[in-house]
Each structure stands twice: as C-alpha cells, then as structure tokens.
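Subject: Structure for you to look through

Dear colleague,

I am handing over the structure below, together with an account of what was found in it. Please keep it open beside this email while you read.

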Amino acid sequence: MKGTIHEGMVEWAAVQPPWLTGFQFSLVTLPELLRHELRYALAERDKQRPTLSPVAMRLMVRGLADVSSIAELTDKKLGDLGYLDRNCEAHWNDVVRLVRGAFDRFRGVDPLDRPVWELGDLGLRSRTQSGVRVSSRRLDVTQIRQEWLRRLLADWVREITPDNSDFRVTFEGCLSASRALSARPGGGHDPGVLKVTDMDAVVAAIRDRKRQDGTATLAYGSRAELLAHFCQLLDFGRRLQILDHVASVFARHPHHKIPYEDPAEDMAGRAIPEYVLAQLDAHIHLIGDDFAYGDMTPDAVKAMLRTVYILLRDTGRRPWEVRWLRMDCLEAQDSEYILIWDNHKARRNRRRLEIGRETAFAIQEWLAIRRTLKVPARSRTFLFPTARHGYDACIDADTVAKMLRRWVDGLPELLTDTVDKDGNLLPFDRSRIFAYAFRHTYAQRHADTGTELNTLRDLMDHKSADTTMGYFKVSMEKRRKAVETMRQHVVDRYGNLAPTPSATAYEARSVAVPFGNCKEPSNVKAGGGSCPIRFQCSGCAFYRSDPSFLPAVEDHIRALKADREMARALGTAEFVVRNFSDQIDSFQNVVTSLHRQIEVMPEEDRRHLEEASAVLRKVRAATPPPALPVLPVPTVPARRSTDE
C-alpha cells in the first residue's frame with residue numbers, strides 16, 4: 001500500500017510545475033543524484049549565507065530539468081542558462097562552487113593544485129559574521145609564471161589560512177615579482193640560480209607599481225605593503241624549509257626599501273584648485289546624465305547625485321559621512337543652517353557643522369524629491385537611499401565614485417592656469433578629482449583665507465592639529481613670492497613705512513608674533529617665545545607689521561576695547577585703563593597706515609598684495625603662535641589647622 005501511494009505521489013509530482021507558493025520550493029521532479037547535490041549545496045550554503053530565496057530556487061529547479069549532475073556541467077553549458085536573473089545567478093554560482101569543491105575533495109583533488117583557484121573554496125578568513133568568505137571569485141594563478149613561486153603561495157595558503165586582505169596583498173606582491181623575474185635572463189624559473197640583482201629587479205618593479213587604472217604610481221604605503229608581504233612569504237618558505245632549493249642571496253637586503261616620497265614642494269597636496277571647481281560648477285547640470293540607479297527616475301537620480309557633489313564640495317566631510325547622512329541632517333538655528341552628521345571614524349556621533357545657505361537649499365530641494373520616492377525599508381531614515389536589495393542601506397561608495405568619474409571624464413575640457421609655449425591653457429589631470437579630494441579642498445580653501453589652525457582643526461573634526469596640517473600646504477615658491485611682495489609694505493609701531501631690505505631679512509631676521517613680526521634679538525633667537533615686555537607690541541621699537549597681519553591686529557583692537565570697558569566697569573585704577581587706550585591708539589595708527597597704503601595702490605598691485613597676504617596667513621595657520629608668557633604666581637603657605 002505504501003509503495004502504491006509513493007508511486008502515485010511520484011506520478012502526481014511529475015506533472016506539477018516546479019514552483020509553489022510562499023516560501024516553498026520542490027526538488028521532487030529532479031533526478032536523485034541532482035537532488036543529493038542540491039541538498040548538500042544548500043546545507044553548506046546555509047552555514048555561510050543568512051538568506052535563501054525560494055523564488056530563485058524555483059527558477060533553478062526549472063532550469064535543471066534536463067541536467068543529470070551539477071558536477072558534470074561544463075562552463076560552456078553554464079553560460080547557456082540565460083533564464084537566470086541576478087538573484088538566481090548568485091544562488092546558482094554558490095551551488096556550483098560548493099558541489100564542485102566537494103566532488104574534488106572526494107576525488108582527492110586539492111583546490112590549490114588547480115590552475116584556477118575558486119577563492120570561496122580556500123577557507124580564507126573573512127570579516128563577515130560567519131568568518132567565511134562567501135563571495136565567489138575565480139583567480140587564475142598561472143599569471144604567476146614561475147612554478148616554484150605558485151607552489152610557495154599555495155603552501156602558504158594551506159598552512160596559514162590567511163584573511164582576504166593578506167591574501168590579496170601577498171598575491172599582488174607575487175604577481176609583481178613574477179613579472180620582474182620573467183624579464184630577467186632565464187625568466188626566474190630556476191630558483192637555484194637567482195641572484196641579488198634579481199631581487200633588485202623585484203623591488204624595482206614593486207617600487208614602480210602603477211595603480212590599476214594606470215594613471216599614477218601606487219601610494220607609498222601600498223607599495224611598501226606589497227614588498228613586505230612578498231618578503232614575508234619568502235621568510236615563511238625558508239622557515240618551513242620549503243625554499244631550500246632557492247638561492248640564499250635571493251632575499252631582502254638593507255638597501256631593498258621603498259623610499260618615502262613626499263609630494264613635490266610646489267604641489268598643493270591633493271586639493272582640487274578653486275579654478276577647477278569653478279569649471280566643475282559650470283557643468284553641474286550634466287552630473288548624473290544617463291546614470292541608472294535602481295528604479296529611480298532620471299531627474300531624481302540627477303538631483304540626488306548633484307546634492308552629493310554639493311555636500312562633498314561645501315562641507316569637507318568624508319565621503320562615507322556624506323553617504324550616511326540621515327533625513328533629519330539639516331537644522332535651522334538663529335537664521336543659520338546646521339548640518340548634523342556622524343563621525344564614525346572617531347566614534348563621535350551627532351556632530352554639528354554650520355553650512356552656507358546655498359548648501360542648505362540644495363539639501364532642502366533634494367529632501368522634497370526624496371520624500372516622494374519609494375525606497376527599501378532599511379533606507380527610510382537615510383538621505384541618499386540604496387538602489388540595490390540586500391546591500392547597504394544608503395548609497396554605496398562605488399556609485400559615488402562611478403558618478404564622479406563618469407561626469408568628470410565626460411566634460412568637454414578642464415584646464416589649469418598654466419599655458420604652453422603657444423599661450424594655450426594646459427589640460428588638468430582629471431584623475432586628481434575623486435570623492436576624498438574634496439575634503440582636502442575644503443581644508444585648503446579655509447587655510448587660503450587665513451582660518452586659524454585650531455579653528456580649522458575643529459571644522460575638520462580632528463583631535464590633533466598635526467592631522468589637520470596634512471590636509472593643506474603652501475608651496476615654497478608661493479611663499480617666496482608672497483614674502484617678496486610683503487616686505488615692501490612693512491610699517492613700524494607708529495605706522496611709518498619701514499620696508500625690509502630683502503626677503504631673506506624678512507624671514508631670517510624676524511619672527512612672527514601674534515600681531516606682526518618682531519626683530520628683538522633675544523625673542524628671535526627663542527622663536528618668538530621670549531618677549532622681554534610680554535607681547536605689548538604697540539610699545540616696542542622692534543615691532544613690525546604688514547598687510548598680512550591686518551585681520552589679527554583688528555581683532556586685537558576689538559579685544560582691547562572689550563577689556564578696557566571691563567576694566568572701567570570693575571573700577572580699576574586709571575593707569576590700567578590708560579594702558580588699554582594707549583595700546584588701542586597705537587595699533588589703530590598701524591591699521592590706518594596700512595589701509596592708506598592699500599587704498600592708493602593700483603588695482604593689479606592690490607590684487608597681488610591680497611594674494612600674498614592670504615598665502616602668508618595660511619603659513620602662519622600651520623604654525624601655532626608662541627604662547628604668551630605666564631606671570632609667576634607666588635605660593636602662599638596654607639594656614640595650619642589648630643586641630644593638628
């Protein structure tokens with residue numbers, strides 16, 4: 001009776017469609033071997049991935065109607081399964097990888113002995129919740145042409161079980177070494193005859209390694225990491241006696257280093273010049289053209305990407321801080337607008353940054369569009385929603401990078417402010433425009449306008465001013481030109497013109513103090529920290545000022561006036577009030593004299609003077625002023641208690 005019922009069920013199932021409703025799918029129509037393969041693959045997949053799509057499984061079952069075994073399928077036949085959607089294809093790739101890997105292990109085939117490695121089968125450690133690599137990727141290790149080097153890499157993976165990051169860097173280091181050895185006599189195939197010169201060639205290849213797009217050399221840190229991992233691989237081989245047949249001189253020697261390369265002195269860091277920003281702004285209407293983003297309409301995509309660009313440009317926040325902005329990120333306060341953002345890097349949330357009205361208006365315009373969009377549930381609170389299911393809750397970094405790259409590369413022209421021999425402006429290197437560069441641009445813009453270093457540190461949300469100083473710089477050439485201009489407009493404490501004989505004298509024979517330069521020998525020797533009259537510059541014969549100090553002097557005058565009013569309110573002695581008044585009058589003479597000089601200058605000279613002032617203020621912003629001397633406070637002995 002049971003057999004009859006079973007046979008009847010099989011007959012019934014044979015004529016049923018392979019898809020059911022809800023969270024169900026059936027394997028009953030498949031051959032027995034195929035069912036075993038699928039059950040095994042799904043059980044193994046369940047250990048690595050948290051979700052399983054019944055819809056994808058139904059499609060897979062339908063497509064496998066004429067297949068007897070997954071392990072026997074060829075790559076060519078896999079490519080013929082055109083019915084698969086993206087989600088089903090991901091499930092299918094997992095199933096094929098797991099079944100083939102299990103079948104290889106059953107036959108005693110080590111996946112590391114294959115010419116193409118399936119990284120998901122190597123047991124590489126990952127930062128995922130399961131700790132197992134789940135993304136499927138095939139790696140052709142025959143790119144490493146030397147067999148001994150391939151075997152060494154395989155032994156290292158088998159013994160160490162590295163994480164994904166270490167494996168990637170080590171493989172790239174081996175790839176660079178293989179290419180360098182291939183260009184040497186013998187191609188590096190006989191490890192017993194390798195010499196120091198071969199290792200020199202490997203180090204040179206890594207030192208000159210280009211980025212993947214070929215636009216520039218890899219960063220110093222990346223190249224140093226490649227060399228370190230390759231040398232650690234050689235050390236591993238010798239430690240486990242795997243490389244006994246490799247010449248001992250083929251090793252890292254003291255001269256095998258990646259030299260630290262500081263940017264050229266005339267390079268302004270990674271900041272995008274303001275004249276290039278102006279050209280980008282002129283073409284902002286082209287941003288997001290023909291850029292697909294999920295089901296979002298083209299106009300909404302353009303509005304979203306335009307807002308992303310404006311926030312990167314105007315706020316100086318890190319790209320991921322812009323991506324993770326919330327719907328309530330904008331706050332109006334006392335006719336000003338505040339951006340609420342999270343500093344995930346330093347674990348400081350709900351940070352506040354005052355932004356301009358135009359930036360705030362751009363956010364408001366996008367918010368009006370954003371509220372009309374239908375977005376995934378996990379994106380409800382984010383300003384820039386995701387377009388893909390199963391991924392981040394907000395717009396991802398790749399989308400922002402691709403958007404910028406496509407927009408910038410598609411512009412008709414981007415020009416520098418330098419001309420060629422024919423007087424034509426030279427093109428700007430477009431590879432210098434990327435998301436993080438706008439943070440450097442923000443810092444450079446504030447430094448150029450003379451923002452004080454500690455204030456700029458707070459704007460960048462850094463703990464240390466040393467970190468902030470790495471985001472902007474002044475070229476030595478610009479500084480020399482600024483000093484050459486400024487030395488001719490120096491005045492003394494009475495406001496009389498007292499030009500410095502040379503630019504060298506301006507810098508070498510003086511030291512910057514809070515409100516100008518000081519020529520007093522002992523203070524110059526002490527770097528500005530040993531003023532004999534405690535920075536009462538207005539009464540010192542060694543005090544010199546120039547137009548670059550105007551903002552500082554004017555701020556000090558305002559502070560002196562406030563102090564004078566406070567002194568009067570406290571009923572202090574007349575000589576204290578008189579001292580404040582005398583300092584105010586003296587500094588005011590300096591300010592009046594400097595303004596008079598500027599007013600009578602031709603327009604072109606005035607523009608050069610303003611540019612020189614901005615440069616020198618930026619230099620001073622990177623060098624905190626000397627601390628004012630602290631008056632000694634006598635120690636008063638405490639009254640001894642009578643209870644002692």
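Val419 stands opposite Leu425, a residue of strand 7. Before going further, please bear in mind that this is a predicted model. The two strands concerned here are strand 6, which covers residues 415–419, and strand 7, which covers residues 425–427, and they run antiparallel and are joined by two bridges. Together strand 6 and strand 7 make a hairpin, with five residues lying between them, and in its turn Gly423 has a positive phi of about 85 degrees.

An open sheet is built from three strands in the order 3-4-5, and the pairing in it is antiparallel. Which strands are the edge strands? They are strand 3 and strand 5, each of which pairs on one side only. From one strand to the next, the twist averages 35 degrees.

Strand 3 (residues 330–333) and strand 4 (residues 336–343) are joined by four bridges, and as an example you can find Leu330, whose bridge partner in strand 4 is Leu339. These two strands form a hairpin with two residues between them, and Asp334, which sits in the turn, has a positive phi of about 55 degrees.

How many salt bridges does the structure hold? There are 22 salt bridges in it, and one that you can look up is formed where the side chains of Arg158 and Asp155 meet, at 2.8 Å from N to O. In general, side chains of opposite charge can pair when their charged atoms come close. Both Arg158 and Asp155 belong to helix 6 (residues 147–160), where they are three residues apart, which is about one turn of the helix.

Helix 6 also packs against helix 9 (residues 220–239): their axes come within 10 Å and cross at roughly 80 degrees. Helix 6 and helix 9 are therefore roughly perpendicular to each other. On the side of helix 6 the contact is made by Leu149, Leu152, Leu153, Asp155, Trp156, Glu159 and Ile160, and on the side of helix 9 by Phe230, Leu233, Leu234, Phe236 and Gly237. Sorted by class, the residues of this contact are nine nonpolar, one polar and two charged.

Helix 7 (residues 164–182) and helix 8 (residues 196–207) pack at an angle of about 125 degrees, and their axes are 8 Å apart. Because of that angle, helix 7 is oblique to helix 8, and the crossing in which helix 7 passes helix 8 is right-handed. Helix 7 contributes Ser176, Ala177, Ala180 and Leu181 to the contact, and helix 8 contributes Asp198, Ala201, Val202, Ala205 and Ile206. By class, seven of these residues are nonpolar, one is polar and one is charged.

For helix 11 (residues 298–315) and helix 13 (residues 357–370), the packing angle is about 155 degrees, with the axes 10 Å apart. An angle over 145 degrees counts as roughly antiparallel, so helix 11 is roughly antiparallel to helix 13, and helix 11 passes helix 13 in a left-handed crossing. The residues that make this contact include Ala303, Met304 and Leu311 of helix 11, as well as Ala362, Ile363 and Trp366 of helix 13. The contact as a whole has nine nonpolar, three polar and one charged residues.

Terms used:
Residues are numbered from 1 along each chain as its sequence is written. This is a predicted model: local features need pLDDT of at least 70, side-chain atom pairs count only at pLDDT 80 or more; totals for chains, interfaces and linings use all residues. Side-chain values use heavy atoms; hydrogens and water are left out. Axes are lines fitted to C-alpha atoms, for helices over the stretch in contact, and angles run from 0 to 180 degrees between N-to-C directions. Angles under 35 degrees count as roughly parallel, over 145 as roughly antiparallel, 65 to 115 as roughly perpendicular and the rest as oblique. A crossing is left-handed if the near helix is turned anticlockwise from the far one by less than a right angle, and right-handed if clockwise. Contact means heavy atoms within 4.5 Å. Ala, Val, Leu, Ile, Met, Phe, Trp, Tyr, Cys and Pro count as nonpolar, Asp, Glu, Lys and Arg as charged, and the others, Gly among them, as polar. Two strands pair if DSSP finds at least two bridges between them. A salt bridge is a side-chain nitrogen of Lys or Arg within 4 Å of a carboxyl oxygen of Asp or Glu.
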